[in-house]
Structure formats: C-alpha cells, structure tokens
Amino acid sequence: MTDLREITFGTIDLDALAGTAGRVAVFVDGERKLGRAARRVNRLTRGAVARAVEGETWEKKAVGDVVSLAFPTGMAAESVDIVRADRRMTVEAARKAGAALARLAGASAITVLNEASARMAQVALGIALRSYAFTDHKSDKGKLPAPARMLTNKPEELEAAAAPLLAAASGVLFTRDLVNEPANVLTTTEFAARLEALRDIGLEVEVLEEDRLAELGMGALLCVGQGSVSPSKVVVMRWKGAAGAPLALIGKGVVFDTGGISLKPAGGMEDMTMDMGGAGTVAGVMKAIALRKAPAHVVGMVGLVENMPSGSAVRPGDVVTSMKGDTVEVVNTDAEGRLVLCDVLWYAQQTEKPAAMVDLATLTGACVVALGHENAAVFSNDDGFAGAFLKAAETEGEGAWRMPMGKGYDDLLKSPVADMKNIGGRPGGAVTAAQFLRRFVSDDVPWVHLDIAGVAHLKAGNDLAPKGATGWGVLALDRLIRDRFETPEDAA
C-alpha cells in the first residue's frame, strides 16, 4: 500500500537556505511583496526572485500557480519555486499550490518557506495528495519521494492544523490504492483482508460470509456473485468515537464487472476493476476518521462481489428476493450494483438504526453522460441532509450536483412478474437507479445516494491526483462528519 510522503514541520533558518538541497519554495503575493525568507532567497540568487515576479509571465499566473528558477546561482537547490499567493488565499488555491510543488519535485526534497501559517496546512495536503503514485505492479517502482519540509514561524501550530488533513490524505491514498488494484489481486477475499487490517488503527471489523448472508436473506446481493468463484461478502467497519445513533456509509464493492450474462462490450472492460469505487471510498473515510480519532459514531458497510458469466450466473428474467422481502425481476444482469446496495442498505437499517445513511457507487453510465467527469450525482430523500453534503463537497472542492427524483421515474420500475425490475430503461437511467434504492430506505431515515461513476477514476488525472483513481468523496464525507456528526465542543 502507498504511504504518505513524509512531511515535517520546523522553523525557518535563514542562514541555512544557501545550502538547502532539492527544491525550495517561497510565496510572493500579487503586489510582489517579498517576505523575509523570500528576500533572503532573492539576495542569494542575486535578485532572480524579484526579476521573476516583475515579468509578464508572473502577471499571467493565477493564485496558486508556480514560476520556477532552475539551478539558481548562489544556492545548492536544484530549483527555487515561486508560488503566487495573496492575503486571502483560498483552500483550493493552497491545495493547488502544494500539488504543483509536488508534481514539479517528483522524488526530490521540497522545502516550503512561509512566515505566515495561513493556508499552509492546505499546502501540505496538496503535497501529500499529488505525491501519490501507484507503482505496486511495475518492475521499476522509481524512487521514493524525499521528505517535504514545511518551515514557518509557528511550526507547532502548523503541525497541529495539518494533522487531521494528513489523516484524511491517508484515507484518500487508501481508496486510490484499492481502486487502482487489478481484479486478480483485489479479489473479494483480499479486499476483506485489507479491511480487516484496519483493526490495527482502532476500527471494529466484521466479515459476513456467504452462509451468513444466505441466512439473512440477502438474495439480491448473492445473485450478483453466484457466477463467480470468488465468494461474496459483506464487511462491516465500526468507529465508536461517540454515543448515539451512527452515520452509516454504504459502498458498492464489485471487484470486477463483466456485466454477467448481459455481457459488456470488450472495449473498455479493463476499466471495470474500478467498479468497487464506492466501497473503496467508504474504506478510505473509515481509515481517515480512525486516524484522527473523530468524536463521531460511524459505521461503514461494503458489499463485495464479482459479476461474472458462467453456468451458475444469474440470468435476465430471473426473479430474486431481497433481504427486505421484496422481489426483483433481473432484467439486465449489468444493473448489478443496485442489487448489492439494496440488501446492504436494508441490513444497515435493521442492525444499526442509523441517524442517516450515505451510499456510494460507480452505478451508472447514464451519470457520466449527464454530468461528465466533473461532478458526482447526488440523490436524496431529505433536503436538509442533501444540502449538508453538498456544502461539505463544495468546501472540499469535490464536484457534486443534486439530481431529481419522483413518481414518474419510479413507475418505470414496474414488473409484470415481481415487485419491481432492476432497471427502468435508458431514459433517466441514473435516476431510476436511485429510485430503485429509495425503495429500500425507510421514510424516517435521511439518505443520500452518490453515483460516482464519472469521478472515481480519471483517464487524465486532475490537479490533486495523477491519472487513475482519484479518491473522490473521502474529503467531502470526512467534512460532512466534522460538520454534522461530531459534537461541537469535541470536533477538531
């Protein structure tokens, strides 16, 4: 598993700057005012910093962008990186700056100089997130990144501010590793084992095997995996950092999705290793809150299955019975994620009596058609709870957009032979999937469904993540827990 880049905190030593190796970063505001550290670096480089910020290139830079001076005269550093800042630097810009510094540095050491600690913790988070590389299966794994040093006038305050952010970053990296793993490595059994290892950081972890799932009546979930040699499982992770009813996080964990008998086209099927992205996000959030010892009661549940075609696979037209007791006509075996989630949602309500629930899934291609790769689709039965999540997502810079629900969409799920079909046709496919799940949520339980098909895995990457798994949702859900499920006097 990928470890966080080591980040240390210390006091600025102006006399040591000339001999500092690696890359040295300084912050200069839009008015081109140089702080003490920037002035010292400017003197060492014979005015190079001042000249760089006087040029036309600097004028075109946005807050958080970087101008680099390679192999500066008068310093041992391989580069001086000048970050454009301002007095009210946003969280997004600070993270973007940190990510840019990490991308430029690669494996080289980074020394970040800033007398003021405002937003520096967010710069550290950006460095941690963008230093990620998934190299587990490469012969040449490259060099481990050298440490990043954050130097300021009040290092203790900065370290304290950065600690919960770096805990969240550990959760994001855990999610990325899980989502990036190939399916021959991350089987249902291996996935469960990695979650069981989270006991080491204080989580309670329970694994429900197929015989227990059958006893519970989880016919919908079990039908998805019955064509695979990998056993279906449900893993329950509990963090009891506070009393009271928990927030329940539910994740779809289809470790590989062929579509089953309703076989997917061959082109792009290799990407279906990421169809456990919802379960990966739940796991990352649980790791993050355990590492920062959140004063909250949270339960994470993931349904782990593999959807394969075989002589024992579920067929189009089969009717299965969910744990709730409702029957489902399986019209399309590639609409399998909702069959997994519906049983886990019902189990969570029966066993945990949650205060609220959030489920996450790479559920529909229709979501990608509607929203592209910029936003996850948000569905909910509770305006207040939906608003709280959307606020948390906006605060953390993770795109999310509220989508409609209603009786007209629900009617599309009517079946002539069962209580419902598992698919409502092409029109509004992401909405009818949400309407299916809504049938398994009690009216008195606030619920949000997140379709993350477009944001869990990217071909080109983004500011904070290289191409591949993004870890979308860990930061937003961690923020939601802080804002809504921790007691104010104890919340960090």
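Author: Helix H16 (residues 474-484) is largely enclosed by the rest of the structure, because eight of its eleven residues are buried. Helices (H or I, at least four residues) and strands (E, at least two) are DSSP runs numbered from the N terminus; buried means under 20% relative accessible area, exposed over 50% and partly exposed in between, with a 1.4 Å probe and protein chains only. This is a predicted model, in which local features need pLDDT of at least 70 and side-chain atom pairs count only at pLDDT 80 or more, while totals for chains, interfaces and linings use all residues. Residues are numbered from 1 along each chain as its sequence is written, and side-chain values use heavy atoms, with hydrogens and water left out.

Reader: Which residues of H16 are buried?

Author: The buried set includes the charged residues Asp478 and Arg482.

Reader: Where does Thr487 lie, and what distance separates its C-alpha atom from that of Pro295?

Author: Thr487 lies in the segment after H16. Thr487 is partly exposed, with a relative accessible area of 32%. Along the chain Thr487 and Pro295 are 192 residues apart, yet their C-alpha atoms are separated by 7.0 Å.

Reader: Is Lys293 buried or exposed?

Author: Lys293 is found in the loop between helix H10 (277-291) and strand S10 (297-307). Its phi is positive, near 50°, in a residue other than glycine. With a relative accessible area of 61%, Lys293 is exposed.

Reader: What is the relative accessible area of Arg46?

Author: Arg46 is placed in the loop between helix H1 (36-44) and helix H2 (48-54). Although Arg46 is not a glycine, it has a positive phi of about 60°. Arg46 is exposed, and its relative accessible area is 66%.

Reader: How many of the 16 residues of H11 are buried?

Author: Helix H11 (residues 337-352) reaches 22 Å from its first C-alpha to its last, close to the 22 Å expected at 1.5 Å a residue; the expected span is 1.5 Å times one less than the number of residues. Just after H11, Lys353 takes a positive phi of about 45°. H11 is largely enclosed by the rest of the structure, because the number of its residues that are buried is 14.

Reader: Why is the protein described as being as compact as a globular protein of that length?

Author: The secondary structure comes to 16 helices and 19 strands. The globule rule, 2.2 Å times the number of residues to the power 0.38, is compared with a radius of gyration taken over C-alpha atoms. For 492 residues the rule gives 23 Å, and the description holds because the radius of gyration is close to that, at 24 Å.

Reader: Among contacts between residues at least 6 apart in sequence, what percentage joins residues at least 24 apart?

Author: Contact means heavy atoms within 4.5 Å. Of the 492 residues of the protein, 58% count as buried. For the contacts in question, the share that joins residues at least 24 apart is 78%.
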